[in-house]
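Q: I am new to this structure and would like to go through it step by step. Could we start with the terms and then look at the parts?
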Amino acid sequence: MKIYTGTGDRGITSLFSGERVPKDNTRVDAYGDIDELNSVLGALTANLSDEEALIEELQQIQSTLLQLSAWLATRPDSALLESLEEIADEQITLLEDAIDRLQKGLPALKGFILPTGHITASWAHVARTVCRRSERKVVPLLNNVPEGKAVAQYRKSLVYLNRLSDYLFVLARHCNHINGFSDKLWKK
Amino acid sequence: MKTRAQTYTVKLLKRKWLSKKTFEILLNLPPAFAFKPGQRISLSLEGQERDYSIVSAPKESELTLCIRKVTGGELSPLLSVTDIGTSLLLSGPYGYFTYKISHRPAVFVATGTGIAPFCSMARSGISGFTILHGVRSPVDLYYASQLQQSARKYIPCLSDAKKTTGNAFQGKVTEYLEQHLTPGAYDFYLCGRSEMIRDVTRLIDERSPGSLVYTELFY
């Protein structure tokens with residue numbers, strides 16, 4: 001039996017809330033980028049060998065990104081909003097705590113750095129840039145949408161993605177640091 | 001998602017054949033198990049696991065599943081012969097194929113045992129929908145009388161032209177929709193084989209803009 005349906009073969013897809021929309025729809029574009037971010041985090045995780053706590057932390061973030069995607073894939077007027085789990089403030093606090101924890105073990109930053117170094121640091125930088133793009137793609141979803149549960153969650157998603165970008169920057173430096181790579185400073 | 005699936009041990013209470021290849025099984029309902037009409041569970045026996053949509057309503061004291069015995073299948077042949085009283089592992093509930101209140105008319109489309117989630121909805125008090133059930137022959141229209149009571153319109157669609165019955169439509173569900181669906185926006189709920197989901201969705205894209213489409217793939 002086939003597990004594929006082919007309902008998207010003509011460039012149209014279904015949102016979680018049931019609407020049929022073109023695949024270049026802003027909402028699809030937004031959760032598509034989050035999917036890309038999630039996959040890059042997977043590539044980063046696959047390159048972390050003996051960092052079990054860090055791998056667990058990243059997998060928790062991957063799960064949160066799926067949770068966030070579900071909100072983006074659901075129109076604000078859908079009855080399905082009730083079936084979605086809200087993003088909790090604690091999920092953002094966890095990121096902030098992780099940033100503080102990683103930051104403590106790092107040398108002071110002396111200027112702009114080049115996104116390079118160890119393979120894991122490089123993946124973290126790629127993740128950071130995809131995260132920033134995802135953030136930019138969520139912004140238009142706030143346009144012309146009445147205040148309510150969905151908008152509150154879009155706003156929280158923006159906070160989460162902004163914090164996640166900061167986390168990934170610090171994580172990149174951490175990955176370089178623990179692997180013996182120094183920050184490569186921008187030389188003008 | 002708010003669904004929190006758990007695993008339970010349940011007992012096979014009864015088996016009832018609905019047609020030559022399709023049967024119902026009744027399981028005891030674990031006290032803590034809660035589900036919404038339209039959701040599915042995962043059932044496992046002797047290391048074989050498979051998802052099935054629930055036929056019964058949450059208010060019922062037993063859990064009913066409708067199963068097609070698939071030749072060469074992993075679990076359905078086992079379930080078709082296993083002793084009454086056998087313990088099985090059940091996990092769930094899963095899925096979001098649940099009825100949503102809407103100002104648009106609801107059109108349910110099922111093929112074969114894909115009728116299960118719609119039975120659960122009807123048995124839970126949901127009514128006023130149009131429902132199409134696509135099967136090969138009349139013996140496979142197992143839940144006709146139950147669905148007729150709740151539906152605004154119940155349309156059996158028989159794909160085998162040699163086997164006819166009463167007022168059934170001769171042809172596939174897609175053909176019925178092509179020929180008879182009034183233009184407009186609907187909430188479509190599609191459950192069954194991938195070919196049906198593909199063909200009906202394409203038809204909706206072409207003819208019913210503004211409609212919502214919810215799907216549950218049976219494979």
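A: A nonpolar core is a set of buried Ala, Val, Leu, Ile, Met, Phe, Trp, Tyr and Cys residues joined through C-beta atoms within 7 Å. A residue is buried if 20 or more other C-beta atoms lie within 10 Å of its own, exposed if 12 or fewer, and partly exposed in between, with C-beta atoms placed from the backbone. This is a predicted model, in which local features need pLDDT of at least 70 and side-chain atom pairs count only at pLDDT 80 or more, while totals for chains, interfaces and linings use all residues. Residues are numbered from 1 along each chain as its sequence is written, and chains are lettered from A and ligands numbered from 1 in the order in which they are written.

Q: Which residues touch the most other members in the largest nonpolar core?
A: They are Phe108(B), Val109(B), Phe118(B), Phe188(B) and Leu190(B), in a core of 58 residues. That core takes at least three residues from each of domain 1 (6–94) and domain 2 (106–217) of chain B. Another core lies apart from it, with 42 residues, including Leu15(A), Leu41(A), Ile61(A) and Leu68(A).

Q: And what is Phe108(B) in contact with?
A: Beyond its neighbours within four places in sequence, Phe108(B) is in contact with Phe118(B), Phe129(B), Ile131(B) and Tyr189(B). Two residues are in contact if their C-beta atoms, placed from the backbone, lie within 7 Å.

Q: Back to those domains: how many residues of each take part in the contact?
A: Domain 1 of chain B gives 14 residues and domain 2 of chain B gives 14 residues. The bounds come from an automatic or database domain assignment. Over C-alpha atoms, the centres of domain 1 and domain 2 of chain B are 23 Å apart.

Q: What gives the largest share on the side of domain 1?
A: Strand β5 (residues 62–68) of chain B does, with three residues of the side that touches domain 2 of chain B. Helices (H or I, at least four residues) and strands (E, at least two) are DSSP runs, numbered from the N terminus.

Q: Now α4(B): which of its residues are buried?
A: In helix α4 (residues 173–180) of chain B, the buried residues are Val173(B), Thr174(B) and Leu177(B). They line one face of the helix, because they fall within an arc of 105 degrees seen down the axis of α4(B). The arc is that of the directions from the helix axis to the C-beta atoms. Gln179(B) and His180(B) are exposed on the other side of α4(B). The cover over the buried residues of α4(B) includes β7 (106–111), β8 (130–135), β9 (153–158) and α5 of chain B.

Q: Is Tyr94(B) buried or exposed, or in between?
A: Tyr94(B) is partly exposed, because 16 other C-beta atoms lie within 10 Å. Tyr94(B) belongs to strand β6 (residues 87–94) of chain B. Tyr94(B) and Asp51(B), 43 residues apart in sequence, are 9.0 Å apart in space from C-alpha to C-alpha.

Q: Over to chain A. How many helices and strands are there?
A: Chain A has five helices and two strands, in the order β-β-α-α-α-α-α along the sequence. Of the 188 residues in chain A, 37% are buried.

Q: What about α1(A), how far does it reach?
A: Helix α1 (residues 26–47) of chain A has 22 residues and reaches 32 Å from its first C-alpha to its last, close to the 32 Å expected at 1.5 Å a residue. The expected span is 1.5 Å times one less than the number of residues. Among the buried residues of α1(A) are Ala30(A), Ile34(A), Leu37(A) and Leu41(A).

Q: Why does Ile87(A) count as buried?
A: Ile87(A) counts as buried because it has 20 C-beta neighbours inside 10 Å. Ile87(A) is in the loop between α2 and α3 (89–104) of chain A. Its C-alpha atom is separated by 7.6 Å from that of Ser157(A), 70 residues apart along the chain.

Q: Lastly, how many residues of chain B are in contact with chain A?
A: There are 16 residues of chain B in contact with 19 residues of chain A. On the chain B side, α5(B) gives the largest share, six residues.
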